[in-house]
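Me: I have a structure open and some questions about it. Can we go through them one at a time?

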Amino acid sequence: MRAIKIALLKHVHSWVRHFNANIATVLFACLAMIIAYCSYAVGALNSWHHQQQQAIAQVKTRIALDAQYIGLPNRLLEVPGDRKRVVHYLKQLNTHLASQGYAIQVHAIAGTTIGNETSNLESFNLVRTGGETFTVTLSPAVMPLAQLLSPWPILIVLLLSVAMRAWFKTLQSKLDKAREAGTPILERKRLLIDLADKSLRYGEQGRQVQLANKPLCFYLALLEFGIEYPEVTLNQNKEVPQELLDLAHKYFGRLIDLGHTIRKRPNFGNSLEKTLSEIRAALDEVFAADSQDKEPYFPPKAHGEGSRSRVHHYGLRAINDDDFEVIGK
């Protein structure tokens, strides 16, 4: 997860360094145009569908009211249908629908058909007085492609692009000035260990936490040991590896050179649990505001049987050279 985060930061940093207002404006306009037209098309289709449903509902009501007077056959009363009257009614009804702007035409009533056969048909049953049912077939029109085209999305996108171009120009100017001044645009945080004041901090602006000589030297040794010997397991039931002790003594010698101490070199193999506890307490303070980044730097605590666990490893396995910097080394 941390490697992914670092990779993303590098890509963002590269993009910021090569930021161009003109390219950004074109990309914004293209994306905004796609979104605007998709939104307009969805709205237009929904509106067309709603109007069609309203028209069909009105057609059903109209035909149901006129059913007794348009010459339909009545099987209960043994009255034959008058096809001419039904055809005349269909023509009048379709003329009325067209004049009202409804995009549907009635194709057939009770088996009497007008117009040419079409594949886009919808049928429903109506009930007339006496309980007899009859079928009505109509043909809803397909939404014309022209209704999906409108100048409004173009005008809106043009206005937004003009406004965004001004903002992109301002942003590019600031980034250019930052590059000319040599100011880093994005800081990749890492652990900074300053031997001059024996402090730890995460990032240049991070909280500074002091650490005593012994835990400081042992932690520096853990950092280097984790890089040089990533496969070695550090267990409190075993002796501290000589390579780890040598690294700790090396840093303690550096503290002597800096004038921090003239004491005899401590035994880094004794009171190991206390030393690790002091290191963890200091790291908890250092990473108080960045707890999600703490894990690679944190000596793992024992689980299960506690410090007696034979599988516990207090070393740092997920650490890299560029994850920390020793100042005054």
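Me: What do the side chains of Glu285 and Arg207 do?
Reply: The side chains of Glu285 and Arg207 form a salt bridge, with 3.4 Å from N to O. Bear in mind that this is a predicted model.

Me: Where do Glu285 and Arg207 lie?
Reply: Glu285 is in helix H7 (residues 272-286), while Arg207 is in the loop between strand E6 (199-202) and strand E7 (209-210), so the pair ties together parts that are 78 residues apart in sequence.

Me: Why would two side chains pair up like that?
Reply: Side chains of opposite charge can pair when their charged atoms come close.

Me: Is Arg207 buried or exposed?
Reply: Arg207 is exposed, because its relative accessible area is 51% and the cut-off for exposed is over 50%.

Me: How many salt bridges does the structure hold?
Reply: There are 8 salt bridges in the structure. One of them joins Glu273 and Arg280, with 3.6 Å from N to O.

Me: And Arg280, buried or exposed?
Reply: Arg280 is buried, because its relative accessibility is 6% and buried means under 20%.

Me: Which residue does Arg201 meet in a salt bridge?
Reply: Arg201 meets Glu204, and the distance from N to O is 3.7 Å. Arg201 counts as buried at 13% relative accessibility, whereas Glu204 is partly exposed at 48%.

Me: Changing topic. How many disulfides are there in the whole structure?
Reply: The search of the whole structure finds 0 disulfides.

Me: What about the cysteines, then? How accessible is Cys30?
Reply: Cys30 has a relative accessible area of 44%, so Cys30 is partly exposed. Cys38 is also partly exposed, at 46% relative accessibility.

Me: Last topic, the surface. Which residues form a nonpolar patch there?
Reply: The patch is formed by Trp152, Ile154, Leu155, Ile156, Leu158 and Leu160. Together these residues have about 600 Å² of accessible area.

Me: Where is the place of Trp152?
Reply: Trp152 is in helix H4, which covers residues 152-180.

Me: Why does Trp152 count as exposed?
Reply: Trp152 counts as exposed because its relative accessibility is 58%, and the cut-off is over 50%.

Notes. Residues are numbered from 1 along each chain as its sequence is written. This is a predicted model: local features need pLDDT of at least 70, side-chain atom pairs count only at pLDDT 80 or more; totals for chains, interfaces and linings use all residues. Side-chain values use heavy atoms; hydrogens and water are left out. Patches are made of residues with over 30% relative accessible area and no salt bridge: like charges are joined within 9 Å, nonpolar side chains (Val, Leu, Ile, Met, Phe, Trp, Tyr) within 5 Å. Accessible areas come from the Shrake-Rupley method with a 1.4 Å probe; for residues, only the protein chains shown count as cover. A salt bridge is a side-chain nitrogen of Lys or Arg within 4 Å of a carboxyl oxygen of Asp or Glu. Helices (H or I, at least four residues) and strands (E, at least two) are DSSP runs, numbered from the N terminus. Buried means under 20% relative accessible area, exposed over 50%, partly exposed in between (1.4 Å probe, protein chains only). A disulfide is a pair of cysteine sulfur atoms within 2.5 Å.
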